[in-house]
Amino acid sequence: LEQRGISEEELNGRRDLRNPEDIIFTIDGWDAKDLDDAISIAKTENGYRLGVHIADVSHYVQQDSPLDKEAISRGTSIYYADQVIPMLPKALSNGICSLHPDVDRLAFSALLELDENGEIRQYHFEKTVIRSAVKGVYREVNAVLAGTASPEIEEKYAAVKPSLLLLNELREKRLAARAERGAPSIEAEESAFVLDENGVCTDVAPRTRGMGEELIEECMLLANETVAEHMDKKELPFVYRVHEQPNEEKIERLNQLLAAFGQHIRPNDKGEIQPMDVQKVLEKVEGRPEERIVSTVALRSMQQARYADQSLGHFGLAARYYTHFTSPIRRYPDLIVHRMLRA
C-alpha cells in the first residue's frame, strides 16, 4: 500500500487540500510513528479558520473485512515502554494511514470557523486528500514557543511558526473558556520509562506536558465536541464518549477528606454536583501542602468515562457533547464514529 500510494480513483469526491492556503502539519512525540491527526490554522476577519485533519482509516478498513474483525478483537493499540502492539497492521498504522510529511494522504477533515473567542460559528466535515508539510515534535515545538529553540529547530519550523503562534493564541482562549465553564483541572502525575540502547529501564521520570501538547489537545477536543454535537442534533444513531456525575458515595468519601482541610462540596437541590464545584475546591488548595492528596482523591472520586449510545455529557470537560473522532489508527470506537459520520 505504501509503495502503491493513492490512485486517482481514490481521489474522486474528495476536496484537494494538498496545496492549501493554510499549511497542514503534525505535532507528536519524538518517537511517534502512527500519526493520525494533522492541523492547519489561519486568522480570519472574524476569528480563526481551523482544520483538524484525521487519517481516513475507514477508507482502508472496510466493515466486516478480515482487517476489521482483527481490529475490533484488539480494540485499541497498546503502548508500553518504547514499543506498541498496534490495532492495525504496521503497513496501515505506520504506513499509508499515517500522516507523514511530503506524501499524499487520505483524511477526514473537520473544518471549523471560530470567532475571536475561539467559539465555533460554522463547521463542516469533508473527505480530503492532504500533504503534511512538517512532522512536528512536542519538545521542539515547546522550544519554538518558548523562544529557546536552536537555529536548526527554528529553520525546521520556519514555514509553520506563524501557525504555531496562532494555535498558541487559540489554546489560551480555549483553556480560558473551559475554565469559565468550570471544568476541573485535575493534573494526574504520569511517569515515563527511560530506557538504554538495550531496551533496559534505567530510570523513571515524570512525564511533562508543555504548550505543544496542550494546543494539540485543544484542537482535538474542539473536533470531538463538534462531531458529537452535530450527530446528536441530527438525532442519528451514534457512539458518544460520556463521563457522568460522580456518585453520592464517592463524593461523601471526598468530603470526609476535605473536612480535614475546612473544605466541602455541596450538591444542589437535585443532589447533583457541578464541575465548577470540584474546581473551586481545587483552586482553594492550590499551592498548599494538601494539594496533591486532594487532587488524587478528587480524581478517584470521578466516574470512569465510557462509551454510550446517548449523549450524556462529559463531566471532566464540563462539555455537553463529546465523542472520540481523532484517533482511528489506534482506537476502534473512532473508526466506528468515522463510518457513522460518513454515512
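Analyst: The discussion below takes the labels in turn.
This is a predicted model, in which local features need pLDDT of at least 70, side-chain atom pairs count only at pLDDT 80 or more, and totals for chains, interfaces and linings use all residues. Residues are numbered from 1 along each chain as its sequence is written, and side-chain values use heavy atoms, with hydrogens and water left out.

User: What makes the pair Arg49 and Asp22 a salt bridge?

Analyst: A salt bridge requires a side-chain nitrogen of Lys or Arg within 4 Å of a carboxyl oxygen of Asp or Glu. The closest N and O atoms of Arg49 and Asp22 are 2.7 Å apart, so the pair meets the rule. Arg49 lies in strand S4 and Asp22 in the loop between strands S1 and S2, 27 residues apart; helices (H or I, at least four residues) and strands (E, at least two) are DSSP runs, numbered from the N terminus. By the salt-bridge rule the count comes to 27.

User: Why is Asp22 called buried, and Arg49 partly exposed?

Analyst: Buried means under 20% relative accessible area, exposed over 50%, and partly exposed in between (1.4 Å probe, protein chains only). Asp22 has 10% relative accessibility and therefore counts as buried. Arg49 has 25%, and is therefore partly exposed.

User: Why is the span of H6 described as close to the expected value?

Analyst: The expected span of a helix is 1.5 Å times one less than its number of residues. H6 has 21 residues and reaches 30 Å from its first C-alpha to its last, close to the expected 30 Å. Just after H6, Gly182 takes a positive phi of about 95°.

User: What makes the group that includes Leu164 and Phe325 a nonpolar core?

Analyst: A nonpolar core is a set of buried Ala, Val, Leu, Ile, Met, Phe, Trp, Tyr and Cys residues joined through side-chain atoms within 4.5 Å. The largest such core has 46 residues, and Leu164 and Phe325 are among those that touch the most other members. Helix H7 gives the largest share, nine residues.
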